[in-house]
Each structure stands twice: as structure tokens, then as C-alpha cells.
Amino acid sequence: MSERFNSLIEEILRHEGGYVFDPADPGGETNFGISARAHPDVDIVNLTRDRAMEIYRTDYWRVWMDKINDPILCLQVFDFAVNAGLPKAAIFLQRTVGVAEDSIIGPITLTAVNDIGRQLYIRRRFLENCLLYYHGIGMNRVQLDKFIKAWFRRAIENAVR
């Protein structure tokens, strides 16, 4: 695992916590943030921390995340990938920096992402895109309304480190 992944996974796990089974959560049972819906073959109740970290590394982390120079932006992108999926996180990152939205993070996207003079702007725009997404989910599914405050708090905490 990369050094960057090892440092950021602790933040993800801190946000996610342990075992939860909230009937209003469309993910169903979760443990360490790993949901039964997204991972039907995983024994969620008995999921270990190490196995959860392995799932995060294989399903939510990509090598290109190590190439994001700004560690705060990297945490924002990784965390959003956990909540919304990797393709959506990649597209939101591309939308934020104004490049073609194809969910393939390559040299063009990374050059725009790593523009040192725009780091604060990029963080803020990515945060704005995430908040609009979470708000839209809450508006479309009334039962998710109770999660909006937590999603907002988490996204904001990640952006202002």
C-alpha cells in the first residue's frame, strides 16, 4: 500500500466507525463503512479492520490518487469515492478543474489538479460539487434527509484540514 493511502485511510475509518444497521441507509448493514449492498459477498458483521482496509485499497483507491500533490484534495477525492463511487469522484474532480469528464484520470487531469496556484480554489470547488451532490440525494430521497448533516460535516472537515 502507498504511504498516502496509509495516512488517509485512518481518516476514512474515523468517519465511518464500526458496525451499523440503519434501515434508512440504502447501503444496508455497514461495518467500517463497507456496505452489504456494495459488497454482498462480505460478512459485514464479522468484518475486520484489516479486511476493510483491503477493500478500500482495492475498490476505492487508485494509483492516480498518489499523484495528487495536495494531500487535502486527495483526502476529499478518496472520501467522495467511498461515498459516491470512484467513477463519480473522478468525474467530479475533472469537472472541478475544467477538463473533459470521462472518469479517466490521466496526465491532462493531473496537470490541472496539481496547478499550485489554484489549490485552494480546487479544494473549494470540489467541496461545492460534493455538497451539491449530497443535497441532491437528500432532496430526491426523503429517508436520506437525516444523513445530509453528517455528509456535509464530513465533506467540510476534509476540505479545511
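Which residues does valine 77 touch, not counting residues up to four places away in sequence? Select valine 77, and you will find that it touches Trp64, Met65, Ile68, Ala89, Leu93 and Phe126; contact here means heavy atoms within 4.5 Å.

A word on the ground rules before moving on. This is a predicted model, in which local features need pLDDT of at least 70 and side-chain atom pairs count only at pLDDT 80 or more, while totals for chains, interfaces and linings use all residues. Residues are numbered from 1 along each chain as its sequence is written, and side-chain values use heavy atoms, with hydrogens and water left out.

**Stop 1: the nonpolar core**

Next, select Tyr56, Trp64, Met65, Ile68, Val77, Phe78 and Leu93. These are the residues with the most contacts inside the largest nonpolar core, which has 52 residues. Such a core is a set of buried Ala, Val, Leu, Ile, Met, Phe, Trp, Tyr and Cys residues joined through side-chain atoms within 4.5 Å. Buried means under 20% relative accessible area, exposed means over 50%, and partly exposed lies in between (1.4 Å probe, protein chains only).

Now colour by helix: α1 (3-16), α2 (49-59), α3, α4, α5, α6 and α7 each supply at least two residues of this core. The most comes from α3, with nine residues. Helices (H or I, at least four residues) and strands (E, at least two) are DSSP runs, numbered from the N terminus.

**Stop 2**

Select α1. Its 14 residues should span 20 Å at 1.5 Å a residue, and its end C-alpha atoms are 20 Å apart, which agrees. The expected span is 1.5 Å times one less than the number of residues. Show the side chains of Arg4, Phe5, Leu8, Ile9, Ile12, Leu13, His15 and Glu16, the buried residues of α1.

Move to α4 (residues 86-97). This helix of 12 residues reaches 17 Å from its first C-alpha to its last, close to the 16 Å expected. Among the buried residues of α4 are Leu86, Phe92 and Val97.

**Stop 3**

Most residues other than glycine have a negative phi. Select phenylalanine 32, where phi is positive, near 55 degrees. Phenylalanine 32 sits in the loop between β1 (30-31) and β2 (34-35), and is buried, with a relative accessible area of 17%.

Then go to serine 103, whose phi is near 65 degrees, again a positive value in a residue other than glycine. Look for serine 103 in the loop between α4 and α5 (107-113). Is serine 103 buried or partly exposed? At 30% relative accessibility, serine 103 counts as partly exposed.

**Stop 2: the largest pocket**

On a 1 Å grid over the protein atoms alone, a pocket is an open set of points with protein on both sides within 12 Å along at least five of seven lines, a cavity is a set where a 1.4 Å probe fits but cannot get out, and lining residues have an atom within 4 Å of a point. Grid points are joined across faces, edges and corners, and a volume is the space filled by probe spheres set on the points.

Helix α7 gives the most to the pocket lining, with six residues.

**Stop 3: the cavity**

There is one cavity of 30 Å³ or more. Select Gln76, Asp79, Phe80, Leu127, Cys130, Tyr134, Ala155 and Asn158, which line it. The space inside is about 50 Å³. The elements giving two or more residues to this lining are α3 (71-84), α6 (119-140) and α7 (145-159).

**Last stop: glutamate 157**

Finish in helix α7 with glutamate 157, which is partly exposed at 28% relative accessible area. Glutamate 157 touches Arg14 and His15, not counting residues up to four places away in sequence.
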